[in-house]
Amino acid sequence: PPSVEEVPVHTAVVEEVPVQEATASEGFSGTASGSVSTHTGSKRSRTSGVWQSFDEIKETCPDGREVSKARCRICRQILSARSSGGTGHLKRHAESCAKKQGIQLRQQQLMLNPDGTVRSWEYDPMVARESLVRLIARQDLPLNFGESPAFEHYIQQSHNPRFKAVSRQTSTRDLENVYHKEATALKELFSTCTFSVCVTSDIWSSRAREDYLSVVVHFVDDDWQLQKRVLGLRLIDVSHTGENIAERIREVINEFNLADKIFAVTLDNASANSRAIEILQPLFCVYAQSFLLHQRCACHIINLIVKTGMKRVGDHIDAVRQAIAWLTASNPRIAAWKRFCIAAGVEARKFATDAEHRWNATYLMLKVVLPYSSLLSDFVQSRGGPRNSDGSSVLNEHVWAIVQKFYQFLETFYDSTLTLSHVYYPTANIILHNLLEIATLFKEYENDDVLTEPVFHMKQKYLKYWKNIPMLYALAFVLDPRCKLRGLSAILSLVGDTIGVDYSSFYTEVRRKLYEVFGRYEVKFQEVRQRRPPPIPTTGKKKIQWGRIWGGSSSSSIQGGGSSSATSGDASSHVVAEELSGYLDSDAIHHEAQDFNVLGWWNDHKITYPVLSKLARDVLTVPVSTVSSESAFSLCGRIIEDRRTTLRSDHVEMLLSVKDWELARQHAQYTA
């Protein structure tokens with residue numbers, strides 16, 4: 001067995017073991033009262049080498065006799081040291097103790113904490129295997145990664161020589177264990193939560209030629225932070241009918257016992273999804289008492305609007321696309337382009353063609369290539385690039401002028417898509433701002449010499465989906481303390497003037513619906529109300545300069561703004577309306593910066609508005625797009641890559657879920 005000296009001292013932590021006194025052969029207990037003195041010498045010097053591991057001490061017996069003892073320097077145990085007893089027992093103890101301590105020293109290593117302090121660490125193969133499978137899920141690695149000789153060599157040489165390779169079968173079992181462990185924790189959270197959840201779902205076709213349906217939930221936790229979790233990714237190997245879609249969504253929701261906590265469902269605009277909502281409506285309307293919000297994906301609508309315009313300028317965008325495809329089709333041509341740029345004193349840039357079915361990819365392609373428009377035209381012309389039927393180059397000033405203007409026109413749609421796709425802040429309360437921006441853009445370009453036709457068709461598509469503003473958008477806007485009813489009145493007037501629609505009746509319907517839904521919440525959550533007087537509204541309101549909404553730029557104004565304009569039928573009783581009226585009659589807050597935390601504001605005022613704050617939390621939780629589901633497919637696309645098309649569907653679901661849950665801990669789902 002190795003001696004203590006053979007163990008590297010700088011990588012070990014020796015923990016002191018409590019003194020354990022052995023029973024002496026003289027017949028008295030080592031714990032008996034009496035004086036103990038340390039004595040490293042004696043009348044006759046100790047010549048045995050075993051004393052390098054012991055200290056000689058003297059103990060006084062109850063009868064006054066002084067006897068010699070040996071105390072182990074490693075474990076501090078006290079043994080008999082009578083000269084007549086020899087040193088054999090001391091030698092055996094020293095060898096055994098050194099062996100045990102050597103194992104301890106190899107297992108217990110130093111670990112450096114982030115703050116610079118040091119703590120002891122003991123290698124645990126089970127912990128290592130769990131961490132490995134989390135790494136596999138997080139980095140989209142193959143399940144046999146743990147048995148890779150290169151990975152085993154790296155860990156053994158750099159981190160832990162005791163690491164042993166982990167087989168694919170073991171990693172698969174560990175993945176299942178981690179998934180069930182995390183899913184159980186999530187179920188426990190939902191079983192005790194006081195919040196509702198909002199569901200998004202979408203369908204995706206994988207490289208393995210299999211279709212999957214995702215189920216994602218959004219919720220505001222008890223710390224009033226917006227959260228997102230992937231609950232399921234189910235194989236849908238049947239036709240995509242409303243019945244089959246509803247069945248798989250219901251299956252996942254029931255597994256997590258969330259049927260009575262659903263406030264809203266957001267799907268894309270497929271007709272099958274409308275049928276699925278009809279089936280799910282009676283099953284999921286428990287929480288909101290027959291009031292289940294169904295939202296169509298706003299980003300999908302933007303996609304339809306933009307594609308309508310792209311059809312009208314498609315030939316010009318195709319010309320740019322052809323030029324880029326020609327340039328990147330040959331390595332010598334790419335090298336020549338690089339030399340061409342250097343000669344012109346411009347940094348060379350590589351271009352990539354877009355995915356035609358993704359308009360935002362087209363926008364980004366144009367963003368990269370437009371600064372090189374003149375240079376690229378010269379290169380294509382001089383090198384015999386793509387030509388039109390009349391022999392002229394596909395790229396000319398006319399093409400670039402139209403492409404440049406259309407790119408600038410698309411910027412508002414691109415920015416709106418990014419804004420409405422976020423995960424960690426509410427989007428329902430800000431989408432009316434985006435609708436106003438888009439409507440204003442149409443009015444600005446409707447008489448443009450170049451874009452008149454595209455703008456006309458895009459505006460018709462806009463009116464098809466958003467002429468009738470969804471109720472969610474209005475309710476969320478009112479529950480933003482910067483807006484309230486007066487702000488809603490102002491923005492409806494602005495949008496209406498821009499697209500030629502009268503929203504007076506819609507405003508009245510929103511006010512009526514707000515009181516109706518609040519009445520239901522009053523009944524559902526009446527036990528949370530604390531007996532305290534409601535806030536006293538101010539007699540007047542300050543004029544807040546919040547962009548055009550408070551700037552008075554609208555030529556007409558929808559009458560109303562405070563609760564006093566509500567009819568007597570807006571609430572079941574004056575008591576029910578008291579809390580809501582107090583909120584609506586108070587001044588809107590002045591905070592135009594983008595860093596305003598609307599959920600934080602409601603958390604700070606949940607005592608003042610105990611019931612209304614719950615309604616606000618539920619409404620602001622609803623995402624206006626299904627991008628969260630589509631981002632899950634982006635993660636899944638890296639899981640089911642070309643080398644992993646034979647993965648079982650349940651393992652695909654486990655890998656995706658574990659990865660999403662790991663990212664959620666770091667608040668990094670949006671950036672993955």
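Where is Ser393 found? In this predicted model, Ser393 sits in the loop between helix 11 (373-382) and helix 12 (397-420). Its relative accessible area is 6%, so Ser393 is buried. Leaving aside residues up to four places away in sequence, Ser393 touches Val380, Gln381, Pro386, Arg387 and Asn388.

The largest nonpolar core has 117 residues. Helix 12 gives the most to this core, with 11 residues. The members that touch the most others are Phe409, Phe413, Tyr462, Trp466, Tyr473, Leu488 and Trp602. A second core is separate and has 54 residues. Among its members are Leu143, Leu186, Tyr212 and Ile253. In soluble globular proteins, nonpolar side chains tend to be buried together.

The structure holds 32 aromatic pairs. One of them joins Phe409 and Tyr445, with 5.0 Å centre to centre and 75° between the planes. This pair is edge-to-face. Phe409 belongs to helix 12 and Tyr445 to helix 13, so the pair ties together parts that are 36 residues apart in sequence. Phe409 counts as buried at 1% relative accessibility. Tyr445 counts as buried too, at 13%. The rings of Tyr583 and Trp602 are arranged as a tilted pair, because their planes stand at 40° with the centres 5.1 Å apart. This pair links distant parts of the chain, 19 residues apart. Tyr583 lies in helix 18 (residues 574-585) and Trp602 in helix 19 (residues 598-604). Both Tyr583 and Trp602 are buried. Ring pairs also build a cluster from Phe406, Phe409, Phe413, Phe442, Tyr445, Tyr462 and Trp466.

Residues up to four places away in sequence aside, its contacts are Trp224, Leu479, Pro481, Tyr583, Tyr609, Leu612, Ser613, Ala616 and Leu620. Of these, Trp224 is in the hairpin of strand 8 and strand 9. That hairpin has five residues between the strands. Trp224 takes a positive phi near 60° there. Strand 8 (residues 211-220) and strand 9 run antiparallel and are joined by nine bridges. Leu213 stands opposite Arg234 of strand 9. Strand 9 (residues 226-235) is mostly covered, with nine of its 10 residues buried. In a regular strand the side chains alternate between the two faces of the sheet.

Charged side chains were considered as well. The structure holds 30 salt bridges. In one of them, Arg134 meets Glu182 at 2.8 Å, N to O. The two residues are 48 residues apart, with Arg134 in helix 2 (residues 125-138) and Glu182 in helix 4 (residues 168-192). Arg134 counts as buried at 14% relative accessibility. Glu182 counts as buried at 12% relative accessibility. A second example pairs Asp354 with Arg321 at 2.7 Å, N to O. Asp354 is in the loop between helix 9 (331-343) and helix 10 (359-369), whereas Arg321 is in helix 8 (residues 314-328). These partners are 33 residues apart. Both Asp354 and Arg321 are buried.

Asp448 pairs with Lys405, and their closest N and O atoms are 3.1 Å apart. Asp448 lies in the loop between helix 13 (431-445) and helix 14 (452-466), and Lys405 lies in helix 12, so parts 43 residues apart in sequence are tied together. Which of the two partners is buried, and which is partly exposed? Asp448 counts as buried at 16% relative accessibility. Lys405 counts as partly exposed at 27%. Elsewhere, salt bridges with shared partners join Glu130, Arg134, Lys181, Glu182, Glu662 and Arg665 into one network.

Helix 22 was checked for its length. Helix 22 (residues 649-665) has 17 residues, which should span 24 Å at 1.5 Å a residue. Its end C-alpha atoms are 25 Å apart, which agrees. Of the 17 residues, 14 are buried, so helix 22 is largely enclosed by the rest of the structure. Just after helix 22, His667 takes a positive phi of about 55°.

Definitions and conventions
Residues are numbered from 1 along each chain as its sequence is written. This is a predicted model: local features need pLDDT of at least 70, side-chain atom pairs count only at pLDDT 80 or more; totals for chains, interfaces and linings use all residues. Side-chain values use heavy atoms; hydrogens and water are left out. Buried means under 20% relative accessible area, exposed over 50%, partly exposed in between (1.4 Å probe, protein chains only). Helices (H or I, at least four residues) and strands (E, at least two) are DSSP runs, numbered from the N terminus. Two strands pair if DSSP finds at least two bridges between them. Contact means heavy atoms within 4.5 Å. The expected span of a helix is 1.5 Å times one less than its number of residues. A salt bridge is a side-chain nitrogen of Lys or Arg within 4 Å of a carboxyl oxygen of Asp or Glu. A nonpolar core is a set of buried Ala, Val, Leu, Ile, Met, Phe, Trp, Tyr and Cys residues joined through side-chain atoms within 4.5 Å. Rings of Phe, Tyr and Trp (its six-membered ring) pair if their centres lie within 6.5 Å; planes under 30 degrees apart count as stacked, over 60 as edge-to-face and the rest as tilted.
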